[in-house]
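Thank you all for coming.

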Amino acid sequence: MPSLAYILASTLILLTTAFLRLIYILPAFHRSRPPPRARGTPTHLLVVLGSGGHTAEMLSLLASLDPARYTYRSYVIGSGDDFSAGKAQGFERGLAAREEEGDEKKRRGTVGLTGAEGEEMTGILRRDYSIHTVPRARRIHQSLLTSPPSSLRCLYAGLMLLYWHPKGYPDLILTNGPATSLVLILAATILRYFSFLPLVGPARQSVRGQGSAGKMRVIYVESWARVKRPSLSGRIIVWCGLCDRVLVQWKGLQDRGWGEYKGVLVR
């Protein structure tokens, strides 16, 4: 039977290894550039939409998005948020219309892609985006006592979404602060933590010709409405060092160490 000293030493080694692994994968402690990508490489962007103001700000941030660069977009919404789902669909229709208008001259004299009935395919018909629903981490006015179970359900759904997504792990996760986004960032951190395992890391993704290196980078954009103090989600993200970049929209927040100020990002 192992001695008490052996058990304590083994436990200490395991805890130290686990802690060092956490330090290694957290962006705040280990900032590294993602592997260089060849020009034209498909990029999978995952966008977390809140409801109401969060969704409006996020779509404003994406107004100049280049669909030729971010070739596949995944939108994550909370259950029952039909408003955000409709806004995402409307945004994608706008992208498709803008792409068609910009390519109109190029398509003259060339044969366009056609569907089953011969109609030219748009961005919507090409299925270059998807909308995914996860349980809400916390509903408005929900009691703090009932929040942990709902957050755990959201975390499980986020893990399943990222792990089983047909396009593989997203290259970039973009969010601006709803509670669901914090849980999804945690899910991405868990997968990055265990990426050395064959079922999570390169061996898992190699089935689809992908590796996990450089995947699931996270950019958090604090709401424009936060002038002097970040939201609770923003504070937790900064304190825990969960994001690769934190952007704020008021210089005073940068001066207080809450993130990078690149000007007002919403219109």
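Let me begin with a contact in which Ala18, Arg21, Leu22 and Ile25 of helix 1 meet Thr189, Arg192 and Tyr193 of helix 6. By class, the residues of this contact of helix 1 with helix 6 divide into four nonpolar, one polar and two charged. Please keep in mind throughout that this is a predicted model. Helix 1, which covers residues 4-25, packs against helix 6 at an angle of about 120°, with the axes 10 Å apart, and that makes helix 1 oblique to helix 6. The crossing in which helix 1 passes helix 6 is right-handed.

Helix 6 also packs against helix 5, and here the two axes come within 8 Å and cross at roughly 55°, so that helix 5 is likewise described as oblique to helix 6. Helix 5 passes helix 6 in a right-handed crossing. On the helix 5 side the contact is made by Ser151, Cys154, Leu155, Gly158, Leu159, Leu162 and Tyr163, which meet Thr180, Val183, Leu184, Leu186, Ala187, Ala188, Ile190 and Leu191 in helix 6. Sorted by class, the contact of helix 5 with helix 6 has 12 nonpolar and three polar residues, and no charged ones.

Helix 6 passes helix 8 in a left-handed crossing. Ala179, Leu182 and Ile185 of helix 6 meet Ser233, Ile236 and Ile237 of helix 8, and the residues of this contact divide into five nonpolar, one polar and no charged.

That brings me to the second largest pocket, whose volume is about 800 Å³. Its lining comprises 33 residues, of which the closest to the centre of the pocket are Arg138, Pro178, Ala179, Thr180 and Ser233. Strand 2 (72-78), helix 5 (147-164), helix 6 and helix 8 each supply at least two residues of this lining. Which element gives the most to the lining of the second largest pocket? Helix 6 does, with five residues. Taken by class, the lining residues of the second largest pocket divide into 15 nonpolar, 12 polar and six charged.

Technical notes:
Residues numbered from 1 in each chain as written. Predicted model: local features only at pLDDT ≥ 70, side-chain atom pairs only at ≥ 80, totals over all residues. Heavy atoms only, no water. Left-handed = near helix turned anticlockwise from the far one by under 90°. Helix = DSSP H or I, 4+ residues; strand = E, 2+ residues; numbered from the N terminus. Contact = heavy atoms within 4.5 Å. Nonpolar A, V, L, I, M, F, W, Y, C, P; charged D, E, K, R; others polar. 1 Å grid on protein atoms, 1.4 Å probe; cavity = no way out; pocket = protein on both sides within 12 Å on 5 of 7 lines; lining within 4 Å. Points joined across faces, edges and corners; volume = space filled by probe spheres on them. Axes fitted to C-alpha atoms, helices over the stretch in contact; angles between N-to-C directions. Parallel < 35°, antiparallel > 145°, perpendicular 65-115°, else oblique.
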